[in-house]
Amino acid sequence: MIRRLHSAARALLAFALACSLMHLAHAANEIALARAEMPLNGPWAFRLGHDARWALPAFDDRDWERVDLTPAPDAHDGDVGLPGYVPGWTSRGHPGQWGHAWYRLHVRWSVPTGSVPVLVGPTLVDSAYEVYWNGRRLDGIGDFTSERPRIFGVRPKLIPLGETAPAGEGVLAIHVYLPRESAGDAEAGGIHVAPILAEPIAAEARYQMQWWKTFWGYVVDLLEPLALLILALFALALRRFARNGPFLLLAAGAVSAIAASRINQPLFYWTEAESLQTLLVARYVIFNPLAAVLWLLASYRLAGVRKRRLDIATCALGALAGLAALPGFGLPPLQTGARVVLLALYCLSCIGVARHGRQRLPALLTMAVMGVALFPGELSVLGFPGIWFPFGVGVSRTQYALALELPLLAWFMYLHASTSAMTSHGRQQ
């Protein structure tokens, strides 16, 4: 009799455990918003490719790959420091893959009576996305009207689901697109920060926090270009005292080109004033090569080198580096090679300044810091850290270099103009 009771107890315990496991499995994707917000970490059903039927709630996605968007503790992206970052599909078994992909998540949700669920859009996606709820397109960032969508900077977004009941279930589908130009990144592809399902008040608070993080992440790229333009005007004003050389004019052009390149960052990530293709052309095809060429020409003058063939070769290398960076041109080795030669010429000009230049110490300090700002990719290849996160906000090596370069270059310009003015005055006497 006792054995039968023990057997019955074990059977009852096993049955209760099985019921609990079944309940947990069933509730794994059930979202209860009594806690105000819930990150939708998944696991999501994921598939590369594109089919409009994948947005439909009745579509069978059981054979799709499963992707967990749960971040590691204190994880953040490597740019502005957005929390909740996870690597993309290129590091999850799809290296080098670009193009369309879909994420799908089946959820059950409930909210207190009188409230409604709101989706806080994913704050970091490579590189465009659109959100579907139960087969209905809600919102997104990017123009998906063509086979290759037009891409804009992904920004914080609040997306109402249109639900009015206090509880329900549905299918959230997110269509993403990664362009070929971005597929070389070892962590690129898809959703990096999971969307969040929240009540309206919590959603608004989360949305504001994400926007402040995005604002502070790029505000330096607004302030530094303005300061660089003021520095360019200062250089032009000094020319009245130093008209016997083109250094100040070339330096003014170089810092203006740097300002034009850097201002594209906040324009892209804060607004839809320009697309990703416009950003790439403006920064890497036009202004970055132009800044390098103009500063090299200015450096040659400081070193006392005035060879027309060298000037022409430098301009040709800059044009080559820019053309090789054209989106879709597909010649990054050519771009890298041209920039390496430009860097070598810059190092030679620094040696020339050290041997023959005036005000050698301030000149070399100015040139060293400017080199860090003009050749960031080459320094990264050598293993120098590219970004730091003071106070949780990303600040790049280039931003630090430009912040230091502004007073250094202003000081050196003043010294250069003063020396030139004294030399001109001595000759007149």
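**Figure 1. Surroundings of Ser115 in the predicted model.** Apart from neighbours within four places in sequence, Ser115 is in contact with Glu199 and Pro200. This view, like those that follow, is taken from a predicted model. Ser115 belongs to the loop that runs between strand E5 (99-110) and strand E6 (118-120). The side chains of Ser115 and Glu199 are joined by a polar contact of 3.2 Å. With a relative accessible area of 12%, Ser115 is buried, because the cut-off for that class is under 20%.

**Figure 2. Met209 in helix H2 and its separation from Pro156.** Met209 is found in helix H2, which comprises residues 200-218. The relative accessible area of Met209 is 30%, and the residue is therefore classed as partly exposed. Along the chain, Met209 and Pro156 are 53 residues apart. The C-alpha atoms of Met209 and Pro156 are separated by 9.2 Å.

**Figure 3. Packing of helix H3 against helix H4.** Helix H3 (residues 220-238) and helix H4 (residues 247-262) have axes that come within 8 Å and cross at roughly 165°. Angles over 145 degrees count as roughly antiparallel, and H3 and H4 are therefore roughly antiparallel to each other. The crossing of these two helices, H3 and H4, is left-handed. On the H3 side, the contact is formed by Asp221, Pro225, Leu228, Leu229, Leu231, Ala232, Ala235, Leu236 and Leu238. These residues meet Leu248, Leu249, Ala252, Val255, Ser256, Ile258, Ala259 and Arg262 of H4. By residue class, the contact of H3 with H4 comprises 14 nonpolar, 1 polar and 2 charged residues.

**Figure 4. Packing of helix H6 against helix H8.** The axes of helix H6 (residues 276-302) and helix H8 (residues 332-356) lie 8 Å apart, and the helices pack at an angle of about 25°. Angles under 35 degrees count as roughly parallel, and H6 and H8 are therefore roughly parallel to each other. H6 passes H8 in a crossing that is left-handed. H6 contributes Trp295, Leu296, Ser299, Tyr300 and Leu302 to the contact, while H8 contributes Leu342, Leu345, Tyr346, Ser349 and Val353. The residues of the contact of H6 with H8 comprise 8 nonpolar and 2 polar, with no charged residue.

Definitions and conventions
Residues are numbered from 1 along each chain as its sequence is written. This is a predicted model: local features need pLDDT of at least 70, side-chain atom pairs count only at pLDDT 80 or more; totals for chains, interfaces and linings use all residues. Side-chain values use heavy atoms; hydrogens and water are left out. Axes are lines fitted to C-alpha atoms, for helices over the stretch in contact, and angles run from 0 to 180 degrees between N-to-C directions. Helices (H or I, at least four residues) and strands (E, at least two) are DSSP runs, numbered from the N terminus. Angles under 35 degrees count as roughly parallel, over 145 as roughly antiparallel, 65 to 115 as roughly perpendicular and the rest as oblique. A crossing is left-handed if the near helix is turned anticlockwise from the far one by less than a right angle, and right-handed if clockwise. Contact means heavy atoms within 4.5 Å. Ala, Val, Leu, Ile, Met, Phe, Trp, Tyr, Cys and Pro count as nonpolar, Asp, Glu, Lys and Arg as charged, and the others, Gly among them, as polar. Buried means under 20% relative accessible area, exposed over 50%, partly exposed in between (1.4 Å probe, protein chains only). A polar contact is a pair of N or O atoms within 3.5 Å; within protein, one must be able to donate a hydrogen and the other to accept it, and residues adjacent in sequence count only if both atoms are side-chain atoms.
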